[in-house]
Number of protein chains: 2
Amino acid sequence: MSLVVVGSMAFDAIETPFGKSNRIVGGAATYIAWSASNFTRPIKQVSVVGGDFPKDELKLLEARGVNLEGVQVKENEKSFFWSGKYHLDMNTRDTLETQLNVLANFEPTVPNDYQDCDFLMLGNLNPHIQLSVIKQIEKRPKLVALDTMNFWMETALGDLEKTLTKIDVLIINDSEARQLSGQFSLVKAAKEILKMGPKYLVIKKGEHGALLFDANEVFFAPALPLEEVFDPTGAGDTFAGGFMGHIARTKDLSFNNMKRAIIVGSAMASFCVEKFGTTRLKEINAGDIESRIQLFKNLVSFDIELD
Amino acid sequence: MSLVVVGSMAFDAIETPFGKSNRIVGGAATYIAWSASNFTRPIKQVSVVGGDFPKDELKLLEARGVNLEGVQVKENEKSFFWSGKYHLDMNTRDTLETQLNVLANFEPTVPNDYQDCDFLMLGNLNPHIQLSVIKQIEKRPKLVALDTMNFWMETALGDLEKTLTKIDVLIINDSEARQLSGQFSLVKAAKEILKMGPKYLVIKKGEHGALLFDANEVFFAPALPLEEVFDPTGAGDTFAGGFMGHIARTKDLSFNNMKRAIIVGSAMASFCVEKFGTTRLKEINAGDIESRIQLFKNLVSFDIELD
C-alpha cells in the first residue's frame, strides 16, 4: 500500500511583510511530501521538473521515503516558477510572475510500481492532469483527495466538475468554496459542493482555521494563534499532506478520524508558515509535532456541564 | 449580589442583504440584559432612554428580573438612534445615521440598591461614563468587564486608557484589538493590551469565533457555521451578556471557567443573529441554549492519541 502524491515541484520567489526570499524550492507536491512523510511511507510522487531543479532536493525527499520514479526530469527545460507578494494580512497575495515551463505540456505517467496506491492526493494542478492520474490507477484507491484553486474554476470548470465526481475529499479555501458553489454562506456552499461528487469537503480559512463537512456533520479546527506568520506559501499543501499522511497511517476513513486528520494537517501548516518555503518542515521531528498537536488540544478544550 | 449592566438602550434601523427593519429596540445594555438574564438574576441596569422608548419593552425586561431603577427616563427627549447597513460579508457595516439624543449629556447615577454589585458589565459607551460608574460603586466588584469600540480609541483614548486600568476583562473585536495595540498579529496585540490593565482579553472575530487571552494561556472558541447570518446587530453585546451571565451564575473566576463563559457567550450570539434585533433572544429557553452549547461541544471535539 502507498500514498501517491501528484502535484508541482517548482521554484518560488516570495515577498512578505517580513522579508524576501530568493528563488527557493516549492511546489504543491514538495510540501505535501515533506508533510506526509512524517506519518506514512512510502510516498510515491508524480510530478515534473526541469534540469534546473536541485538534485540535492530530490535526494532529501528520497531519504524521507519518497519514491520519485514518477517524477519526470526534463533536463533541457526549466522548472515551473511562481513569484508572489503577500499583503499584510497574509491571507491575500498578488502573483508577480508565473512561468509554466515544464508544466505547460505535462502529461503524467503513473509507474507500474504505483499501482498499489491506497491513498491518492491530487495537489493543485490542471484538473485534466489530475483526472489522467485517477484513470491510470487501475484499482480505485481507498481515498482520493483533491486540492484545486479559483484559476481552474475560471478556465477549466468542465474538467474540474468531471474530476470532482471521481474523488472523495475536496480541500479548498473559503473564497474558492464560495466561487465554486455560488453561495456566500459556507454552510450553503458545502451543501452545493457535496452534490458535485465529494463525500467530504474541507474548507481552509487560513488564520481562521478549517471546516470539515460531510452530508450530516461539521467539524471546526482552529488555526494556532501565532505571533508571526512569516510565509504562508505552501501552508495549504502542507495541511493536505498532514491530512492524507494521517489517513494513510491510520487507514481509518471514519468522520472521527477525518477530524483528527484535520488537526494533524493544521498542526503541520502551523509549522510551515514559521519560515520561508520548506525550511521549517525540514527541521521538525516527531516530538515537535506531538507538542504542537497538544497545543491544538489545549486551544479548544473546555468542559461544560449541561444541567 | 448582583450583575450591574451599563450601556445604551436605544433604537436601531438595520439593513442587511436579507432585509430591512423598521426602527426597532436595540442598544448594548438591552442585548446584554436579555442574554445575561438566562443565567443570573437580578440584573441591575444603568442607562438612559427618551420618552419614546416603549414602556412595554421595559416591562418585558422587568419580567426577566432586570431592575431598571438606574435607567433614567427623559420623557421630553428622544432615545439614542443608530441606523446602519451591513455588507454581504456581515463583518463590515456602514453607519447611515447616528442621533445621540439622550446619550449626548448622559451622566449615570448608580442607585444605592446597586451597591451589592459583584459583577459589572460596562457596555460600549463613552469611557468617561464607564469610569463614572466604576467610581460610584464603593466596593470593588469581583469582576469588571468592558466593551468599547474604535470610535472611543479615536476620540477619547486618554479616558479609555484610564478606564482600562480599572477593569479585569476587555471584550473587543479583532480590528479594535489591532487599533488599540498598533499590532497586526493578534497574539502580539494581546500582549500589548494586557499591559494596559485588563487581566483577560477577549477578541471577538465574528463568524471566525473568539479568542481568550490571559498572561499565560490562550483559548479559542469557534463560531457556529450558520446557513444565514440574518442580522449581526447586537451579537457582540449578546456575547458579552452570555459571558458575564455565566460568570455571575457560577462565581468562578478561573481561566477554565472563563473558557466556558466564552462558549456560553458564543452560543447566545449565535441565536442573536438569526433574526432582527432582540426577536430571537425573546423566544429561546433553557433547553434551546443547552442544545446550542452541545453543538459547540460537538463542533470542536476530537480525540487524538499522542504516541
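Here is a short chat about a predicted model with chains A and B.

Visitor: Which element gives the most to the side of chain A that touches chain B?
Guide: Let's start with the contact itself, where 28 residues of chain A meet 28 residues of chain B. The elements of chain A that give two or more residues to that side are α7 (186-194), β14 (218-221), α9 (255-272) and α11 (286-300). The top giver, with six residues, is α11(A).

Visitor: How many residues on that side of chain A are nonpolar?
Guide: Sorted by class, the side of chain A that touches chain B has three polar and seven charged residues. The same surface serves both copies, as 100% of the contact residues of chain A recur in chain B. The nonpolar count for chain A's side is 18.

Visitor: Over in chain B, how are α9 and α11 oriented to each other?
Guide: The axes of α9 (residues 255-272) and α11 (residues 286-300) of chain B come within 9 Å and cross at roughly 115°. Angles of 65 to 115 degrees count as roughly perpendicular. So α9(B) and α11(B) are roughly perpendicular to each other.

Visitor: Which residues of α11(B) make the contact with α9(B)?
Guide: On the α9(B) side, the contact is made by B:I263, B:V264, B:S266, B:A267, B:S270 and B:F271. By class, the whole contact has seven nonpolar, two polar and one charged residues. From α11(B) come B:I289, B:R292, B:I293 and B:F296.

Visitor: Which are the edge strands of the nine-stranded sheet in chain B?
Guide: The sheet is open, with mixed pairing, and its order is β6-β5-β1-β9-β10-β11-β12-β13-β14. An edge strand here pairs on one side only. In chain B, those are β6 (66-74) and β14 (218-221).

Visitor: In β10(B), what is the bridge partner of B:L122?
Guide: Strands β9 (residues 117-122) and β10 (residues 143-147) of chain B run parallel and are joined by four bridges. In β10(B), the partner of B:L122 is B:L146.

Terms used:
Residues numbered from 1 in each chain as written. Chains lettered and ligands numbered in written order. Predicted model: local features only at pLDDT ≥ 70, side-chain atom pairs only at ≥ 80, totals over all residues. Axes fitted to C-alpha atoms, helices over the stretch in contact; angles between N-to-C directions. Parallel < 35°, antiparallel > 145°, perpendicular 65-115°, else oblique. Contact = placed C-beta atoms within 7 Å. Nonpolar A, V, L, I, M, F, W, Y, C, P; charged D, E, K, R; others polar. Pairing = 2+ DSSP bridges.
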